[in-house]
Amino acid sequence: MWFKHLHLYRVHDAPQLTSDEMTTALDAQAFRPLGGSEARRLGWSAPAGRSGEQLQHDLHGHRLLSALRQERLLPASVVREEVESRAAEQETREGRPLRRQEKQALKEQVYEEFLPRAFVRTQRFDLWWDTQRQLIGVNASSRARAEDILDLLRQTLGSLKVTPLATRTTPTRAMTEWLTRPDERPAALELGDQVELKATSGDESVLRGRQIDLDGEEIQTVLATGRQATRLGLTIDEAVSLVLHDDLAIKSLRFADAVLDEAAQVEDDDDPTLRLEADFALMTQVLTNAIEQLIDWLGGEANPAAPTP
């Protein structure tokens, strides 16, 4: 359950639903396995991962939801090869080249025939909703997948107005300054060992480094040429390590051993639901502190753009 990634969104005018109303709304969009001819499906699942369990966990204003996404994996190359084979046979049989519309019809036929036999991939995405601070965080590796989960939440609630979290100082500017001005770094911030540097103009090459000394001469020499940091490994309060991206996405989350040891001391370890709720409570405590500090270091939250309905 411990999040690996985090895409953050500011919630505007959140709908006021009781716990029972929220449960009813989630049940209406609960996940069901793919049918034979369906390409993909997305729906809510129990965060504890057990059938029949509740679809939400609400602890002191922190709400945990979990979505399952299933899709059939049908490589385009497989479809193309079969279409070409059938087209060649038909052209030989009829003694004429097939028209474009006929090849398209063949492609649709092959797709419909092959889809039920394709492999099915299932992915889980967790959503954390801090209802007191009106902040949503989606545990997804890409912004596109995070937006898919938000779309599902909009369908579930009828509407949901959100904007990506934005700060007055851009992450790129702040990360570059943390690298070039070590004496001005926040006391609770430590550099990790990952970085991505891009040129501001002209040269489109990207320099990436892992397991390197970010205060070393090599990195400082590259920064002196005018490159700026677009990804940077950080540790906050010795509690959580992460890679901050230029769009404020947080990737590669790793919680400190001290945090995980504290979670392991909680009783009822054999009950998956209680175990999940204890982990979730501790994780949100650590992440809330880290996010608040990041926002502060980045000059505070910017005025949000017009929310999307």
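Analyst: Helices are DSSP runs of H or I with at least four residues, strands are runs of E with at least two, and both are numbered from the N terminus. By that rule glutamine 293 is found in helix 8, which covers residues 272-297, and the protein as a whole has eight helices and twelve strands. This is a predicted model, in which local features need pLDDT of at least 70 and side-chain atom pairs count only at pLDDT 80 or more, while totals for chains, interfaces and linings use all residues. Residues are numbered from 1 along each chain as its sequence is written, and side-chain values use heavy atoms, with hydrogens and water left out.

User: Where in the protein is confidence lowest, and where is it highest?

Analyst: pLDDT is the predictor's confidence in each residue, from 0 to 100, and where it is low the predicted coordinates should not be read in detail. The protein averages a pLDDT of 91, with 95% of the residues scoring at least 70. Confidence is lowest in strand 9 (residues 206-210), at a mean of 89, and highest in strand 11 (residues 240-245), where it reaches 98.

User: Is glutamine 293 buried or exposed, and with which residues is it in contact?

Analyst: Buried means under 20% relative accessible area and exposed over 50%, with partly exposed in between (1.4 Å probe, protein chains only). Glutamine 293 has 16% relative accessibility and therefore counts as buried. Contact means heavy atoms within 4.5 Å; leaving aside neighbours within four places in sequence, glutamine 293 is in contact with Ala188, Ile236 and Asp237. Across the protein, buried residues make up 46% of the 309 residues, and of the contacts with a separation of 6 or more, 69% are between residues 24 or more positions apart.

User: How should I read the length of helix 4, and which of its residues are buried?

Analyst: The expected span of a helix is 1.5 Å times one less than its number of residues. For the 15 residues of helix 4 (residues 143-157) this gives 21 Å, and the end C-alpha atoms are 21 Å apart, which agrees. An α-helix has 3.6 residues a turn, so residues three or four places apart point the same way. In helix 4 the buried residues are Ala146, Ile149, Leu150, Leu152, Leu153, Arg154, Thr156 and Leu157. Just after helix 4, glycine 158 takes a positive phi of about 95°.

User: How many residues apart along the chain are phenylalanine 31 and tryptophan 44?

Analyst: Phenylalanine 31 and tryptophan 44 are 13 residues apart along the chain, yet their C-alpha atoms are separated by 5.0 Å. Phenylalanine 31 lies in the loop between helix 1 (19-28) and strand 2 (40-45) and is buried, at a relative accessible area of 18%. Apart from neighbours within four places in sequence, phenylalanine 31 contacts Arg41, Leu42, Gly43, Trp44, Leu68 and Gln70. In helix 1 itself sits serine 19, which is exposed with a relative accessible area of 52%; from serine 19 to aspartate 58, 39 residues away in sequence, the C-alpha to C-alpha distance is 8.5 Å.
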